[in-house]
Amino acid sequence: MDKIRLGIIGMGNIGKYHAEYLLNRKINRCELVAVCDANVAPLEQFKPLKIFGDGGQLIQSGAVDAVIIATPHFQHTTLGIAALENGVHAMVEKPISSHKADAERLIAAHKKHPKIIFAGMFQLRTEPRYLKIQKLIKEDLGEIVRVNWINTDWFRTEAYYASSGWRATWKGEGGGVLLNQCLHNLDTLQWLCGMPARVRGFCQIGRFHQIEVEDNVTVYLEWANGATGTFISSTGETPGTNRFEIVGTRGTLVLENNKLTLTRNEADMLEFSKTAKQGFVKPGSRPEEIAFENAAAPHATMVQNFVNAILDGAPLIAPGEEGINSVELANVMIYSSLLGQTMELPMDGAAWEKKLNQLIAESKIEKKVVKVATDDFASSFRK
Ligand SMILES: NC(=O)c1ccc[n+]([C@@H]2O[C@H](COP(=O)([O-])OP(=O)(O)OC[C@H]3O[C@@H](n4cnc5c(N)ncnc54)[C@H](O)[C@@H]3O)[C@@H](O)[C@H]2O)c1
């Protein structure tokens with residue numbers, strides 16, 4: 001094989017976005033040959049591509065070597081498993097599943113078919129600002145002691161929530177701001193800082209919108225080395241803040257307003273504290289701005305990497321398996337809040353699945369879907 005025949009399942013906001021750059025031939029050795037959506041009529045515009053109304057049929061058609069799965073979250077698991085079991089390479093949109101137990105099912109299917117490539121669409125991992133932070137953590141920051149991410153610039157209107165029946169429902173999505181808008185940030189958080197050991201969430205349900213899931217959250221996090229942190233998010237606040245701060249023993253990193261600053265300590269602060277002879281002194285420190293550019297085409301870079309992994313065995317930027325971590329974080333934050341308890345990680349995925357099924361069964365929400373303009377959709381990418 002020297003060229004991948006690719007299909008997209010789910011041609012809503014992001015599916016159409018993927019199709020656009022794929023059709024403009026930004027991906028080497030890859031051709032978009034098929035599109036699929038449960039709502040098949042609008043796909044006519046994509047002819048002469050092959051058109052399907054059912055993801056399973058596309059997977060079994062023999063028309064594609066690989067798929068991007070861009071449906072609502074719950075179908076990521078079922079369609080992902082169907083792809084892997086039929087020898088079709090799968091790139092699954094975030095979140096890889098709606099809840100941890102489903103993510104484990106998807107990963108188990110991949111274990112049975114390890115030669116099939118399974119990737120997650122976590123495009124923030126291609127952004128130079130996060131790659132620079134990753135390097136600075138490894139080389140300059142010392143031991144991490146605190147991580148704070150105020151991530152409240154995810155403003156969404158009631159019209160957004162009314163735009164699809166599945167949005168912001170337990171049944172259609174399995175969660176709210178954590179599982180949808182913040183999922184990329186949660187992936188980035190664990191990718192850079194590792195998984196916390198303990199979480200206590202305080203999540204408000206429908207605080208700013210007529211929805212049954214969380215839209216305003218404050219979470220306390222604790223890592224195994226004793227580092228502490230907070231993760232704060234909201235879809236109701238504007239202009240909102242996006243401030244990511246990582247404190248290490250040798251310096252502090254702050255990413256805010258498109259500016260990355262490293263303030264280096266002249267000595268490791270804990271060593272300094274142990275050895276200083278005076279009570280009020282502190283090590284000198286010096287701020288330094290770290291320049292970065294924005295990634296030109298982060299989604300396309302991820303798909304190119306997926307293709308290179310299939311054809312050349314290139315290492316994946318985001319192996320599908322790693323997608324379970326952000327799902328687990330989103331799940332445990334809301335679960336901890338609902339129980340009013342601090343929770344240890346790894347969490348019990350089966351217990352959350354049971355609780356989620358109870359929330360689905362007790363749901364009284366009746367959604368009225370309203371057609372809304374989505375031409376500003378891509379403005380939500382750079383967080
Ligand atoms: N990586 C990113 O930057 C990014 C951005 C937006 C959305 N997403 C993710 O992509 C997914 C879709 O989000 P969206 O905003 O495009 O939603 P959307 O509602 O605009 O589109 C979903 C589409 O899937 C179709 N669909 C539903 N069930 C299907 C099935 N079984 N088979 C085939 N088609 C089916 C729907 O008809 C709809 O057209 C979500 O999981 C979301 O989290 C990722």
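Let me start with a convention: a crossing is left-handed if the near helix is turned anticlockwise from the far one by less than a right angle, and right-handed if clockwise. Hello everyone, and keep that one in mind for a minute.

What you see above is a predicted model, where local features need pLDDT of at least 70, side-chain atom pairs count only at pLDDT 80 or more, and totals for chains, interfaces and linings use all residues. Residues are numbered from 1 along each chain as its sequence is written. Helices (H or I, at least four residues) and strands (E, at least two) are DSSP runs, numbered from the N terminus.

Helices first. Two packed helices are described by the angle between their axes and the distance between the axes. Here, α4 (residues 100-112) and α10 (residues 323-339) have axes that come within 9 Å and cross at roughly 165 degrees. The axes are lines fitted to C-alpha atoms over the stretch in contact, with angles from 0 to 180 degrees between N-to-C directions. α4 and α10 are therefore roughly antiparallel, a label for angles over 145 degrees. And the crossing of α4 and α10 is left-handed. On the α4 side, K100, A103 and I107 make the contact, and they meet G323, I324, V327, E328 and N331 of α10; contact here puts C-beta atoms, placed from the backbone, within 7 Å.

Now the strands, which pair if DSSP finds at least two bridges between them. β10 (residues 228-234) pairs with β7 (residues 144-151) in the parallel sense over 6 bridges, and N151 stands opposite S233. With β9 (residues 214-222), β10 pairs in the antiparallel sense over 7 bridges, where L221 has G229 as its bridge partner. The β9-β10 hairpin has 5 residues between the strands, and G226 takes a positive phi near 95 degrees there.

Most residues other than glycine have a negative phi, and most peptide bonds are trans. Yet R29, in the loop between α1 (13-23) and β2 (30-36), has a positive phi of about 60 degrees. N258 also has a positive phi of about 60 degrees, in the loop between β12 (251-256) and β13 (259-265). N258 counts as exposed, with 10 C-beta neighbours inside 10 Å; the cut-off for exposed is 12 or fewer other C-beta atoms within 10 Å, for buried 20 or more, with partly exposed in between.

Finally, the prolines: K94 to P95 is a cis peptide bond with omega near -15 degrees, and L345 to P346 is cis with omega near 0 degrees.

Terms used. Angles under 35 degrees count as roughly parallel, over 145 as roughly antiparallel, 65 to 115 as roughly perpendicular and the rest as oblique. Two residues are in contact if their C-beta atoms, placed from the backbone, lie within 7 Å.
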